Structures are given as structure tokens and as C-alpha cells.
Amino acid sequence: MWRPGPRALFASKTLVHLLALTPAAILAWQIRAEFLTGSGGLGADPVAAIEHRLGLWALRLLLITLAITPLRQLTNQPALLRFRRMLGLYAFAYATLHLTAYLVLDLRGFWAQIFEEIVKRPYITVGFAAWLMLLPLAITSTQAAIRRLGRNWARLHQLVYVIAVLAVLHFWWLVKSDIREPAMYAGILAVLLGWRAWKKLRAISARRTATAG
Amino acid sequence: MSLRDALKIPSSQITDEAVYRKRRQFLAAFAAVPALALPGCSEAEPPPPPKVAITPAQARSGFRTDEPLTRFEDITTYNNFYEFGTDKADPSQAKRTLRTRPWSVAVGGHCAKPGTVSLDDLIKGFTPEERVYRLRCVEGWSMVIPWLGVPLSAVLKRFQPTAQAKFVAFTTLADPKQMPGVAYRSIDWPYREGLRIDEAMNPLTLLATGIYGKPLLQQNGAPLRLVVPWKYGFKSIKSIVAIDFVEKMPETAWHELQPSEYGFFSNVNPSVDHPRWSQKTERRIAGTTSKLFAERIPTRMFNGYADQVAGMYTGLDLKKWF
């Protein structure tokens, strides 16, 4: 079992920070190149490419965050839990950048359209709802909030399951025909949620046999 | 009407300028064929085109636009050509496996002179001309492309379509050996498209063989493709191997995949949204300013070609026949 001391924890957290920031750094570099030279490797529609890259990493980090608990149990490494909050906050950060790119680079001043889009386009409705739900989770991610909310903290943060489903739907519903990529993430989410469901059922049936016996 | 009342009129109720300008022809069409004016009268087929001619002089004005062009590099690296992969970068990155010579087109159906013709024979005698058209993708982006091609009407007339030829159906090559993307059924191959006969004969409709004066590259639909600038880009079918004159409205690939989202006509229309996204505006990928700040512009009815094409749709409920 990995029991990191303060130095090891600091080093490993720094490493995770660097890894989580890498996609953003690469994108920033490409945006800079696009701005300076007109070719940054973002293709003919850099706005779409930026939106897509940010959204993809928000989703990936969200799924990685959801993988911490099962991984922790399967590998018997409780220390993994120390990384869950920071990964969750990175997911929120990428999601916020994704929304910002949409508002600033994509809509480009057609602000009135955003209300219509949120209401009329299902894929934007669920995407925006997912981001909105991330807000209370991000705000209550602090040590102080965990202490203050007590048992309710865990209940509130179960929202992450809804958020993950909405995020996958958001991706699935914007694709024209090739659903292979969103289907892959749906599959991963199904496994991550299914594992929890299976654990819950086992716990319930274990309690039943215990009381019955 | 007070100014306040006037401001309350939703834009969806304002008569489209192109229709307003043709209002006398609109009324004449009603008078000449009253039964056609009733929407929903015939559910299976749309009403036939009204007898309104578009003069060559009117049409000619749509052949070029003075808007900033899209860069060759962007036109040739951002492509929806699922036969080579569903990512927009796939078609340009795929190996050059499409054999564009020899190339033949099988022309058949209701015509006096059907036959399989080589590409060179198909356009023999016609001097390719440059047309600078806007291309509006159904996804909400657009480009301005300098095509090189010949009018489809001139080519089709050689085959002498009969009176039964109400529609023209087109088919793309779907050879898994030359097109790796065909292995995945993102579309029910082969890719098919179609036009009503008057749309096919419209002076704007182009059979294109080049871009920027150079022969079409694989990713742009080499060696022969259609360009129908007033419709969403997927109607501009690529790498054509068959042209058929048919009597009934032909099935098209995207309509078959999702009939609620992709209609047969698919005329660019800002007042008819795609079920999943708005069509009111588009991102223009063109010009020399940084593509990071690519402009979002209002989408124009018929992609700005209303003068040349609106006459073909007078009396047609464009919300029903999208």
C-alpha cells in the first residue's frame, strides 16, 4: 500500500497538476501559433477545434475523477483519493473554458441566440445544465465546505453522476452520424456507474442476509 | 400601425424579400395552377415546379461573388467526405488511393441517349469556366470557393432527357479498396443525392472539375463533383459515377439516415432550423483575418442566391419541404 509522506504527496500532486495542464498548454501554444502565423495545427476552423478539444478534456477528466473510487478499491490504494478533488476541479476548469470558447469565439456577439439555444437545442440544454451543476460542486470543494456540510456534502456531490450522464449526452447529440467516439465514452461511463451500482446491490443483499440470518 | 406594434412583428412573419420581389409571379402561379397552392394537398410528392422562367441574365449575376475567398489550404484540409473517414482532417490525410483516371459516368434513365461515358467525353466541347460560389455546410460554417466547371444543364441536355425525367439522381463511387472509410457504415453506401429537374437545369448548378484553377484533389471529390450553391453542402455530391433521370423523387443518403433532419430539398433557409441546432447564422471561414476570430454572419435565404433560384419554389411550403 502506498503511504506517501508529505514530500512524496507534494511531488505526486505537482506531477498530476502538470499532466492535467498539459492539454491546455498544448492548445494555448497552438492558438498562439495560429494567431501569429495563421497555421497552428488547428485546421480550417480553429474555433470548432478549440471548443472540441476543451470539451473533450473536460469529459475525460470527469471520467478520470469518477474512476478514482473504483480504482482505489480494486488496487487497495486509499491514497488515490487525495487526487480526486484536484482532478474534479480541473474538469470544471476545462468545462468553463469550453463554455467560454463557445460564448466568445463561437457565438461572437450573437448573444441573443444563446438563450434560444439553451432552451431549444437539447444538446446545449444538457451541456449547459451539466456545467451549472458543476458550480455548486466546485464551490463546495474546499475543506471548510466539507466540514460545514457534513453528511450532506456526499449527497450533494452525487450530482457528479448526473453531470457525467449529461456530458456524454451533450457529446452524443451533437454528432451528425459517427457516434463511435461518444459511444466509447458512454461505455466507459456505464462501467464506472455500473461498478457503483453493483457494489450498492451487493451491500444491500449482504445486509439482507445478515439480518435474515 | 404604431411603431410599437410594428416592432412586435416577429421576423418569422415578415415576408421574405425574395418572395416579396416575385410577388406578381407568385400570384400568377396561384392563378395558373390553383390546386398546387394548397399545402398538404399531396403528401407523397411535392408540387411540380411552377412555370416561371429564370432568364440567363438574372442567373448570370450569381456566378461570381466579390466576398473574400477561402484559402486553398483550408478548402483542401477541412472536408466532410466520409468515404475517407468521418473526421474533417481524414480525407486530406488519407493515402491517395482514389484512381481518378480512367473515370466514367453511367448516364441512364428517362433519356434518349443513355450511355457510359468517360469523363473526358462527358465534358468534351465545353470550356470549363470559373464560378465563385458560397458553400454553406448544414453544420453551420461556410466557405467561398472558386470552382472550375461546366454547367450541368449543358452536359445533361446532350443525353436528351424525356418528359418523364422529373428528377436527376446522382451516385458517388463506393469502392472499399479505394476508399477506406467505406468499411464503416456512417452512411448507407453508396452516397446518393438528387435534384429536381429544374434545379439540375438551373444555370447556377455546376459540374465541377477544379478549384483555384487546379484539378480537384481526392478530398474535394475528384475528379468530378456537383456544386449546388443554394443548398446545404451535402447536396453537392462528390466523385460522381452515375447520373440517372428518374420520375419519382430519389432517395438521398442523408435523408435516408435521418429524414427528420435532412430533407430532399435542403435549401439554405435561416428560418428553418435543423432539429438539433439553429440555421440562423454561420461561421465564415474565409479572408485573411485570423481564423481564431472567424466571423459569425447571418445566414441568407437560399445562401444569397434567392434572385436566381427563389422562382423555382414559389408556392412551395419550405417548412414542410425542407
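**Exercise 1. Find which residues A:Ala95 is in contact with, leaving aside its neighbours within four places in sequence, and decide whether A:Ala95 is buried or exposed.**

Solution. Start with the partners: once neighbours within four places are set aside, A:Ala95 touches A:Ala58, A:Trp131 and A:Leu134. Bear in mind that you are looking at a predicted model. Now apply the cut-off, since buried means under 20% relative accessible area. A:Ala95 has 13% relative accessibility, so A:Ala95 counts as buried.

**Exercise 2. Describe helix 5 of chain A: what is its span, which of its residues are buried, and what do they pack against?**

Solution. First, the span. Helix 5 covers residues 122–139, 18 residues in total, and runs 26 Å from first C-alpha to last, close to the 26 Å expected. Second, the buried residues. These include A:Trp131 and A:Leu134, both of which you met as contacts of A:Ala95. Also among them are A:Tyr123, A:Ile124, A:Val126 and A:Leu137. Third, the partners. The buried residues of helix 5 pack against helix 3 (84–106), helix 4 (112–120), helix 7 (151–157) and helix 8 (159–174) of chain A.

**Exercise 3. Work out how helix 4 and helix 5 of chain A are oriented to each other, and what kinds of residue form their contact.**

Solution. A pair of packed helices is described by the angle and the distance between the axes. Here the axes come within 5 Å and cross at roughly 95°. Angles of 65 to 115 degrees count as roughly perpendicular, and helices 4 and 5 of chain A are therefore roughly perpendicular to each other. Now list the residues: from helix 4 come A:Glu117, A:Ile118, A:Val119 and A:Lys120, and they meet A:Pro122, A:Ile124, A:Thr125 and A:Phe128 of helix 5. Sorting the residues of this contact gives five nonpolar, one polar and two charged.

**Exercise 4. Turn to chain B: how many helices and strands are there, and what is its mean pLDDT?**

Solution. Count the elements: chain B has 11 helices and 12 strands. Of its 322 residues, 53% are buried. Then check the confidence: the mean pLDDT of chain B is 88, with 81% of its residues at 70 or more. Take care with residues 30–43 of chain B, where pLDDT is below 50; this stretch makes 11 contacts in the model beyond near neighbours in sequence. As for the model itself, its scores are ipTM 0.89 and pTM 0.86.

Key
Residues numbered from 1 in each chain as written. Chains lettered and ligands numbered in written order. Predicted model: local features only at pLDDT ≥ 70, side-chain atom pairs only at ≥ 80, totals over all residues. Heavy atoms only, no water. pLDDT = per-residue confidence, 0-100. Contact = heavy atoms within 4.5 Å. Helix = DSSP H or I, 4+ residues; strand = E, 2+ residues; numbered from the N terminus. Expected span 1.5 Å × (residues − 1). Buried < 20%, exposed > 50% of the residue type's maximum accessible area, 1.4 Å probe, protein only. Axes fitted to C-alpha atoms, helices over the stretch in contact; angles between N-to-C directions. Parallel < 35°, antiparallel > 145°, perpendicular 65-115°, else oblique. Nonpolar A, V, L, I, M, F, W, Y, C, P; charged D, E, K, R; others polar.
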